[in-house]
Amino acid sequence: ESVGEPVFRQSGGACQMGSSSSRSFGTMAQVLNSATMAQPDPYTKESPDQDLDQDLVGVDPDQLLRECEMALQRRPARPRRDLVCPRLVAPCSHKRNPSIRVMQWNILAQALGEGKDGFIRCPLEALSWHERKYQILEEILTYRPDILCLQEVDHYYDTFRPIMASLGYHGSFLPKPWSPCLDVEHNNGPDGCALFYRCSRFSLHSTAHLRLSAMMLPTNQVAIAQTLHCQVTGRWLCVAVTHLKARSGWERLRSAQGADLLQSLQSITSHCGGQKQAELGAIPLVVCGDFNAEPSEDVYRRFSSSPLGLSSAYKLLSCDGKTEPAYTTWKIRPSGESCSTLDYIWYSHDALSVETLLDIPTEEQIGPDRLPSYHYPSDHLSLLCDVSFREEPHRLL
């Protein structure tokens, strides 16, 4: 697709960006029109299938992807990205142990993109929700993760919940207690974290909605942790999604939030499954998030040295297996240009193996105006990896 100069989805004629934004497309319009708008208390305990509307299941993902491409035919194509096998990892997946695809993405809250974030090189029209939602869904449908972890979601109930339910996913959403989206006129409600898993692959054991604390005080940042049972392998997996405090000067708060999250995850992974689980050890863990922290920060060191045995998947893209990508977000604001590594997929390295990773677009592919843009909907890149369970010692006896 786009290497160097942008390649448009439909050739010929002048490109008038956004001219198809008012069109409705069959499958997606049908799903969204039938969506229920109930917004439950996010801090109540979820029943296992609370968010799954069985009446919506059965949408063809290929058809929905074609509709996204049709809606975006006047926009340039997304940067081309390849799935890469890490050099330093021997594959563990096979027919009875297929890999699990995990996607992590800060999708940029609509209210913040249009109202507060100040992307001075991105035309306001490029941020229109009428088409940006198709770009986000196109990215998800292209890779079709088994587990999807999102941050800055402010269109959960009217877009992501019904669409993902129609594709066979169960969703969970937790908004920030004081979302900055609410300060923007004509907002769509608070932003927060969302976690989806494919129901054909997993069943839900439990959900924890966490409000992160720092120095014993509750903060404005949240996390969701779900304990899942893999229906293919019979194994357990705990998946968590979070979004830590943004901006420089808040490094100590992020570190404390990370410590609080790790403590909660320690408790969750060591108590699932009762006596049997205690005999087998803690269940494997995947933690996705926008940590708003470079690898040099203390919160990164907390995660990499945690007793939970976590490693960052994207280090495996590097030649030595020890270096994070140069960037996962690249934006230009009135304060200047910012190119940073803030997003991570952490995994239990003794229990899980990384099979493939989605590579990072080059500077040329991203373009001089950086992110977001007409060809990419967020200021953060999506991260994606395929992981598989390692053989447990008791299974080898």
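Two strands pair if DSSP finds at least two bridges between them. The exercises below use a predicted model.

**Exercise: the sheet with strand 10**

Find the order of the strands in the open sheet of six strands, and say which strands stand at its edges.

*Solution.* 
- Step one, the order. The six strands run 6-7-8-9-13-10, and their pairing is mixed.
- Step two, the edges. Strand 6 (202-214) and strand 10 (310-312) each have a single partner strand, so one side of each is left without a neighbour in the sheet.
- Step three, the twist. From one strand to the next it averages 20°.
- Three bridges join strand 10 to strand 13 (residues 343-348), in the antiparallel sense. Ser-311 has Tyr-347 in strand 13 as its bridge partner.
- Step five, the helix on the sheet. Helix 6 (residues 251-271) touches strand 6, strand 7 (217-230), strand 8 (236-243), strand 9 (285-290) and strand 10. The direction of helix 6 makes about 145° with that of strand 6.

**Exercise: the sheet with strand 3**

*Solution.* 
- Trp-105 stands opposite Leu-150 in strand 3.
- Step four, another pair. Strand 14 (residues 352-358) and strand 15 (residues 383-389) run antiparallel, joined by five bridges. Thr-356 has Asp-386 in strand 15 as its bridge partner.
- Step six, cover. In strand 3, seven of seven residues are buried.

**Exercise: cysteines**

*Solution.* 
- Step one, the cut-off. A disulfide needs two cysteine sulfur atoms within 2.5 Å.
- Step two, the distance. The cysteine sulfur closest to that of Cys-288 is in Cys-149, and it lies 3.8 Å away, too far for a bond.
- Step three, the whole structure. The search finds zero disulfides.
- Step four, surroundings. Cys-288 is buried at 0% relative accessible area, whereas Cys-339 is partly exposed at 35%.

**Exercise: salt bridges across the sequence**

*Solution.* 
- Step one, the count. The structure has 17 salt bridges.
- Step two, Glu-139. Its partner is Arg-78, with the closest N and O atoms 2.7 Å apart. Glu-139 is in helix 4 and Arg-78 in the loop between helix 2 and strand 1, 61 residues apart. Both are buried: Glu-139 at 1%, Arg-78 at 6%. Arg-78, Arg-81, Glu-138 and Glu-139 are linked in a salt-bridge network.
- Step three, Asp-146. Its salt bridge to Arg-198 has its closest N and O atoms 3.2 Å apart. Asp-146 sits in the loop between helix 4 and strand 3 and Arg-198 in strand 5, so the pair ties together parts 52 residues apart in sequence. Asp-146 is buried, at 11% relative accessibility.
- Step four, Lys-331. It pairs with Asp-379, the closest N and O atoms being 2.8 Å apart. Lys-331 is in strand 11 (residues 329-333) and Asp-379 in the loop between helix 9 and strand 15, 48 residues apart. Lys-331 is buried at 6%, and Asp-379 at 2%.

**Exercise: a loop serine**

Is Ser-373 buried or exposed, and what does it contact beyond its neighbours within four places in sequence?

*Solution.* 
- Step one, place. Ser-373 lies in the loop between helix 9 (363-366) and strand 15.
- Ser-373 has 10% relative accessibility, and buried means under 20%, so Ser-373 counts as buried.
- Step three, contacts. Ser-373 touches Arg-75, Cys-122, Ala-126 and Gln-135. Arg-75 is 298 residues away in sequence, yet 9.9 Å away in space, C-alpha to C-alpha.

Terms used. Residues numbered from 1 in each chain as written. Predicted model: local features only at pLDDT ≥ 70, side-chain atom pairs only at ≥ 80, totals over all residues. Heavy atoms only, no water. Buried < 20%, exposed > 50% of the residue type's maximum accessible area, 1.4 Å probe, protein only. Helix = DSSP H or I, 4+ residues; strand = E, 2+ residues; numbered from the N terminus. Axes fitted to C-alpha atoms, helices over the stretch in contact; angles between N-to-C directions. Contact = heavy atoms within 4.5 Å. Salt bridge = Lys/Arg side-chain N within 4 Å of Asp/Glu carboxyl O.
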